[in-house]
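Subject: Structure handover

Hello,

My notes follow below it.

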Amino acid sequence: MANWSNEISGERNDLVFESRNKAYGAYKIRRDYGRIVAIAGTAATMALVLVLLVHHIATREDAVDTSKKDQKNVEVILKEPPPVDKNAPPPPPPPPPPPPQVKMFQFTEPEIVDEPETPPVAATEIDKNLGAETQDGDEDAPPEAITPTQQQDVEEKVDEVLAFAEEMPVFKGGEAAFQAYLQNNIRYPQAEKEMGKDGTVYVYFEVGKDGSIGNVMTKKGVAGAPGLQKEAERVIRSMPPWTPGKMNGRDVKVSMTVPVKFVLQ
């Protein structure tokens, strides 16, 4: 039976209440269940619609009454205008607008000055060294002689302190010998040792043409440790002569800056 699972099916009710008292009430309830539910749902829907309609009408009437109550009639009384004096002079006309501005440029007349005329160069003097054909120079010809003034300028440039040279100055024995010299000759200042101060001091000096050390000064020291600066300058100033730098095959004076490290053991 396809409708057996439907509790309000008429065939199921007839089968269940076969040979039973159908007038007892259960049979009638199951038979009329669908109709009763439809009637109840329709009645509830209509009641809900009616309540909403009444609420909407009442709210609208209250809004209209409120707006009417808020309206107030205010009577505005305007004063009479003052009397016009017929003998009063008319008001002055407005000033005319300013004329449009025009950019003006001032030109200065050129002043004619009498200057001595330079005689023109004769064409023969210009063309006397020009040839009709290109000629090669003489490779065996001796170089031009250097005047004493040019020789003096070259010597003055050689005497300058250079920051870079073709051959830079070198500590005798090389970089390893220079580091060994610093380690064997630096004496750690006692005050800085007790304060636990260490760091690197950058010392500037100049290597002369003969390799001598001069113009020693500190470029950058350690904050709060003046003893490290003094010791670094002392060690650099006490260095043996270096191999001087060279520029164009000649010994020159070159400036150097080296780091001196102070490390606490």
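How many salt bridges does a search of the whole structure find? The search finds 2, a salt bridge being a side-chain nitrogen of Lys or Arg within 4 Å of a carboxyl oxygen of Asp or Glu.

Ground rules before the details. This is a predicted model, where local features need pLDDT of at least 70 and side-chain atom pairs count only at pLDDT 80 or more, while totals for chains, interfaces and linings use all residues. Residues are numbered from 1 along each chain as its sequence is written, and side-chain values use heavy atoms, with hydrogens and water left out.

**Salt bridges**

Arg234 pairs with Glu231 at 2.6 Å, N to O. Both lie in helix α8, 3 residues apart, about one turn of the helix. An α-helix has 3.6 residues a turn, so residues three or four places apart point the same way. Glu231 is buried, at 9% relative accessibility; Arg234 is partly exposed, at 28%. (Buried is under 20% relative accessible area, exposed over 50%, partly exposed in between; 1.4 Å probe, protein chains only.)

The other pair is Lys246 and Asp251, with the closest N and O atoms 2.6 Å apart. Lys246 is partly exposed at 29%, and Asp251 is partly exposed at 30%.

**Fold**

The protein chain has 8 helices and 5 strands. These are DSSP runs, numbered from the N terminus: helices are H or I, at least four residues; strands are E, at least two. Of its 265 residues, 18% count as buried.

Helix α8 covers residues 226-237. Its buried residues include Gly227, Leu228 and Ile236. The buried residues of α8 pack against α6, α7, β2, β3 and β5, where contact means heavy atoms within 4.5 Å.

The largest nonpolar core has 27 residues. Such a core is a set of buried Ala, Val, Leu, Ile, Met, Phe, Trp, Tyr and Cys residues joined through side-chain atoms within 4.5 Å. Those with the most contacts inside this core are Phe178, Phe205, Ile213, Ile236, Met239 and Trp242. Strand β5 gives the largest share, 6 residues. Beyond its neighbours within four places in sequence, Trp242 touches Phe178, Phe205, Ile213 and Met256, among others.

**Loop**

Val74 sits in the loop between α3 (33-70) and α4 (123-127). At 68% relative accessibility, Val74 counts as exposed.

Best regards

Notes. The expected span of a helix is 1.5 Å times one less than its number of residues.
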